[in-house]
Amino acid sequence: MSQLRTEVAAAMTGPLAVDNDGWQVGRFRFAPDFIGFQGHFPEFPIVPAIVQVLAAQQVAETGLDGS
């Protein structure tokens, strides 16, 4: 597993929830020194699209294995 994917998985907080439409929802908290912020607008970090995709993958995999 890549360092980025490992850090995304570690940033997931708590168990999955289900929203009003029945979708599984995961919550993530990224520290200021999160590797995904490197090179993305220093002093004004944004969550890059690849991190959003990896977060969605983490939610899907967590939901599939029931954790």
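Ala10 is exposed, with a relative accessible area of 65%. This residue belongs to helix α1. The model is predicted. The protein has two helices and two strands. Read from the N terminus, their order is α-β-β-α.

- The relative accessible area of Ala10 is over the 50% cut-off, so Ala10 counts as exposed at 65%.
- Gln58 is 48 residues from Ala10 along the chain.

**Overall build**
- The protein has 67 residues, and 21% of them count as buried.
- Its C-alpha atoms fill a box of roughly 35 × 25 × 20 Å, taken along the principal axes.
- The protein exposes about 5000 Å². Carbon and sulfur atoms supply 58% of that area.
- Take the contacts in the protein with a separation of 6 or more: 48% of them join residues 24 or more positions apart.

**How the two helices meet**
- Helix α1 covers residues 3-11, and helix α2 covers residues 49-65.
- Their axes come within 9 Å and cross at roughly 60 degrees.
- That angle makes α1 oblique to α2.
- The crossing of α1 past α2 is right-handed.
- On the α1 side, the contact is made by Leu4, Arg5, Val8 and Ala9.
- On the α2 side, the residues are Ile50, Val51, Leu54, Ala55, Gln57, Gln58 and Glu61.
- The residues of this contact divide into seven nonpolar, two polar and two charged.

**Val8, buried in α1**
- Val8 is found in helix α1.
- Is Val8 buried or exposed? Val8 is buried, because its relative accessible area of 1% is under the 20% cut-off.
- Beyond its neighbours within four places in sequence, Val8 is in contact with Phe28, Phe30 and Phe34, and also with Val51, Leu54 and Ala55.
- Val51, Leu54 and Ala55 are among the α2 residues that meet α1.
- Val8 and Gln52 are 44 residues apart along the chain. Their C-alpha atoms are separated by 9.1 Å.

**Gln58, buried in α2**
- Gln58 lies in helix α2.
- Its relative accessible area is 15%. Under 20% counts as buried, so Gln58 is buried.
- Which residues does Gln58 touch, not counting those up to four places away in sequence? They are Ala9, Met12 and Phe28.
- Ala9 is one of the α1 residues in the contact between the helices.

**Asp33, exposed in a loop**
- Where is Asp33 found? Asp33 is in the loop between β2 (24-28) and α2.
- At 65% relative accessibility, Asp33 is over the 50% cut-off and therefore counts as exposed.
- Asp33 and Phe44 are 11 residues apart in sequence. From C-alpha to C-alpha, they are 12 Å apart in space.

How values were computed: Residues numbered from 1 in each chain as written. Predicted model: local features only at pLDDT ≥ 70, side-chain atom pairs only at ≥ 80, totals over all residues. Heavy atoms only, no water. Helix = DSSP H or I, 4+ residues; strand = E, 2+ residues; numbered from the N terminus. Buried < 20%, exposed > 50% of the residue type's maximum accessible area, 1.4 Å probe, protein only. Contact = heavy atoms within 4.5 Å. Areas by Shrake-Rupley, 256 points an atom, 1.4 Å probe, with all protein chains shown as cover. Axes fitted to C-alpha atoms, helices over the stretch in contact; angles between N-to-C directions. Parallel < 35°, antiparallel > 145°, perpendicular 65-115°, else oblique. Left-handed = near helix turned anticlockwise from the far one by under 90°. Nonpolar A, V, L, I, M, F, W, Y, C, P; charged D, E, K, R; others polar.
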